[in-house]
Amino acid sequence: MTPKSLLLSAALTALAAIPAHAEGYKVALDGTFAPHAMPSLSGGVEGFNIDLAAAIGDKLGVPMEVVAAQFSGLIPALQAGTYDFLVAPTTVTEERASNLLFSEGFMDTNFAFTVPAGTEAMEGLDAFKGKTIAVNKGSVYESFLNDKAGEYGWDVVAYGTNTDAVEAVSTGRADANLAGATVSAWAAKQNPRIDLSYEYPTGLVWAFPFRKDDVETRDKIDAVLECLKTDGTMVALSEKWFGVTPTEGTTIVTPTPGYGTPGFDGYAETAHEVSCDF
C-alpha cells in the first residue's frame with residue numbers, strides 16, 4: 001500500500017470512529033404550546049420540552065439546535081429531512097405510527113380539571129356531575145365533555161381560548177375547567193385562584209417522532225429518555241414546569257421495555273438495560 005493509500009485508510013478509519021451525529025441534532029417543536037414551549041421574556045423559547053431537548057444533548061455530549069415552528073408543518077418538514085426528529089409533544093396514534101417511528105412515551109397525555117382554589121378534593125368523573133365546566137371551544141376536551149354530558153349531566157360552556165375558560169373558573173362563572181393535564185397544571189401553578197384537581201387517564205402517551213428509516217437515531221434517543229426517567233431529570237423538569245412531582249409508575253418516570261411505543265407499528269421488543277453511559 002502506498003503512503004497516500006495509508007493516509008487515506010487512516011482518515012477513513014478516523015471518520016468511522018466518530019459517533020453518528022457527533023455534530024449534534026436539529027430538532028423542532030411548536031413554540032406556542034405552554035408550558036412545553038413558549039416565548040420567553042428575554043427572547044427565544046422556553047419550556048419543559050426545551051429543557052428536555054437540552055438534557056438529551058447534555059447526556060450525549062452534542063449540541064441540540066431547537067427550531068420553533070407551527071405544529072402543522074413539523075411532520076412534513078421531518079419527512080423532508082429538515083429535522084433529525086421532533087421534540088414536540090406528539091400523541092402516538094395508529095395513523096401516525098404507520099408513517100413515523102416513535103420513541104417510547106415521555107409523558108401520559110391525560111386530561112385534568114382545575115377548580116376554584118380551596119375546593120375539596122374531587123376524584124372521578126362522578127364528582128363533577130351537574131357542574132358547569134368551562135372548556136376551550138373546538139378542542140378534544142369539549143368533544144369529550146359533550147359526549148359524556150348525557151351520562152354526567154354537566155353543563156359545558158365553551159370559550160374561544162383555554163385562558164378564558166380558566167378565567168371563568170377563577171371568577172366563579174364555572175365550577176371547573178377541563179384541559180390537558182400539563183396545561184391545567186401550568187395554569188394552577190400560575191394562578192393562585194385555582195387548584196389542580198382530578199386527572200382523567202386516556203391511556204395515550206406523548207412521544208418523539210422520527211423518520212421511518214431512522215431506527216438508529218430513534219433507538220439512541222429512546223435510550224436517553226430511559227436514562228432521564230431514572231436519574232431524576234424528568235422529576236426535576238416536572239416540578240419546575242408543572243409544579244407536580246410524578247407518581248411511581250407514570251410514563252414520565254417509568255422506562256418502557258424495548259424501543260418505541262408498545263402496541264404501535266415500529267415498536268421493537270429488543271431487550272436492553274437502562275444505562276446513562278453514552
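Visitor: How many disulfides does the count come to?

Guide: A disulfide is a covalent bond between the sulfur atoms of two cysteines. In this predicted model, the count comes to 1 disulfide. C227 and C276 form the pair, with their sulfur atoms 2.0 Å apart.

Visitor: Which parts of the chain does the pair link?

Guide: Distant ones: C227 lies in helix 8 (residues 215-230), while C276 sits in the segment after helix 9 (233-242), 49 residues apart.

Visitor: Is the disulfide of C227 and C276 right-handed or left-handed, and why?

Guide: The torsion about the S-S bond is about 110°, so the disulfide is right-handed.

Visitor: Is C227 buried or exposed?

Guide: C227 has a relative accessible area of 0%, so C227 is buried. C276, at 34% relative accessibility, counts as partly exposed.

Visitor: Which residues are buried in helix 3?

Guide: An α-helix has 3.6 residues a turn, so residues three or four places apart point the same way. In helix 3 (residues 71-79), the buried residues are L74, A77 and L78. They cover an arc of only 100° around the axis, so they lie on the same side of helix 3.

Visitor: What covers the buried residues of helix 3?

Guide: The cover includes strand 1 (25-29), strand 5 (85-86), strand 7 (100-102) and strand 15 (209-211). After helix 3 comes G81, with a positive phi near 90°.

Visitor: In which sense do strand 10 and strand 11 pair?

Guide: Strand 10 (residues 132-136) and strand 11 (residues 155-159) pair in the parallel sense, over 5 bridges. In strand 11, V156 is the bridge partner of I133. Together with helix 5 (residues 140-152), the two strands make a right-handed β-α-β unit.

Methods:
Residues are numbered from 1 along each chain as its sequence is written. This is a predicted model: local features need pLDDT of at least 70, side-chain atom pairs count only at pLDDT 80 or more; totals for chains, interfaces and linings use all residues. Side-chain values use heavy atoms; hydrogens and water are left out. Two strands pair if DSSP finds at least two bridges between them. Helices (H or I, at least four residues) and strands (E, at least two) are DSSP runs, numbered from the N terminus. A crossover is right-handed if, with the strands pointing away from the viewer, the path from the first strand over the helix to the second runs clockwise. Buried means under 20% relative accessible area, exposed over 50%, partly exposed in between (1.4 Å probe, protein chains only). The arc is that of the directions from the helix axis to the C-beta atoms. Contact means heavy atoms within 4.5 Å. A disulfide is a pair of cysteine sulfur atoms within 2.5 Å.
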